[in-house]
Amino acid sequence: MTARTASEEIYVALLRGINVGGKNIIRMAELRRCFETQGFRDVVTYIQSGNVIFRAPDSTPAALTMRIEEMLASAFDYPGKVVLRSRRQMEAVVSGAPAGFGSQPDRHRYDAIFLRDTLTAQDAMGEVRVRPGVDRAWAGEGVLYFSRLIAQASRSYLSRLVSMPVYQEMTIRNWNTTTRLLQLMS
């Protein structure tokens, strides 16, 4: 990535529901070109689930999110929603994780549930159910941290979340992806 100018910020756009179950298929090379064509700089995609790191002139997050959503709808007929985070926000997500979160990957699956600006972590916590002894969830700044026992993953309530209306206002990334995105942004 090139040096940041005073009026630019680095962001990650987390696209919801692309390349899942044969729906909303978008190749990462095409996604990268789409961002570049629209004037975003230093565009990098990471894995097929729709993670786009880029530099853009400082803007309000709401305006930038709307611009990206309109751009994706036009280019790919993708009506999805985007969760946008700056590098500072991603640093806060990683540093704000509960003590020990991510430290037992052989025993637990760890996820970051990123929330759109329309949903607070406190409101999301009221909607996200956990199965005692299997799941745990914590509220963070614009994110929920969720862990579940691997040995009982089939009993986890996380899979129920995708059928709830509140799911339209969030997107999930595993903890390894979340920390890797921050590394790529740095």
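Strand 1 and strand 4 run antiparallel and are joined by five bridges, where helices (H or I, at least four residues) and strands (E, at least two) are DSSP runs numbered from the N terminus. The model is a predicted one, in which local features need pLDDT of at least 70 and side-chain atom pairs count only at pLDDT 80 or more, whereas totals for chains, interfaces and linings use all residues. Residues are numbered from 1 along each chain as its sequence is written, and side-chain values use heavy atoms, with hydrogens and water left out.

Because eight of its eight residues are buried, strand 1 is largely enclosed by the rest of the structure.

Helix 2 (residues 61-76) has 16 residues and reaches 22 Å from its first C-alpha to its last, close to the 22 Å expected at 1.5 Å a residue, the expected span being 1.5 Å times one less than the number of residues. The buried residues of helix 2 are Leu64, Thr65, Ile68, Glu69, Met71 and Leu72. They cover an arc of only 165° around the axis, which puts them on the same side of helix 2; the arc is that of the directions from the helix axis to the C-beta atoms. The cover over these buried residues includes strand 1 (8-15), helix 1 (28-37), strand 3 (51-57) and strand 4 (82-86), with contact meaning heavy atoms within 4.5 Å. On the face of helix 2 turned away from its buried side are the exposed residues Ala62, Glu70 and Ser74. Helix 2 is followed by Asp77, whose phi is positive, near 55°.

Another four strands form an open sheet in the order 6-7-5-8, with antiparallel pairing. Strand 6 (135-139) and strand 8 (170-174) are its edge strands, each pairing on one side only, and the twist averages 20° from one strand to the next. Strand 5 and strand 7 run antiparallel and are joined by seven bridges, and Ala112 stands opposite Tyr145 in strand 7. Helix 6 packs on the sheet, touching strand 5, strand 7 and strand 8, and its direction makes about 90° with that of strand 8.

The structure holds nine aromatic pairs; rings of Phe, Tyr and Trp (its six-membered ring) pair if their centres lie within 6.5 Å, and planes under 30 degrees apart count as stacked, over 60 as edge-to-face and the rest as tilted. The rings of Phe101 and Tyr145 have their centres 5.4 Å apart and their planes at 70°, so this pair is edge-to-face. Since Phe101 lies in the loop between helix 3 and strand 5 (108-115) and Tyr145 in strand 7 (residues 143-149), the pair ties together parts that are 44 residues apart in sequence. Phe101 and Tyr145 are both buried. Phe101 also forms an edge-to-face pair with Trp175, at 4.9 Å centre to centre and with 90° between the planes. This pair links distant parts of the chain, as Trp175 lies in helix 6 (residues 175-185), 74 residues apart from Phe101. Phe101 counts as buried at 10% relative accessibility, and Trp175 does so at 9%. Phe101, Tyr110, Trp138, Tyr145 and Trp175 form one aromatic cluster.

Definitions and conventions:
Buried means under 20% relative accessible area, exposed over 50%, partly exposed in between (1.4 Å probe, protein chains only). Two strands pair if DSSP finds at least two bridges between them. Axes are lines fitted to C-alpha atoms, for helices over the stretch in contact, and angles run from 0 to 180 degrees between N-to-C directions.
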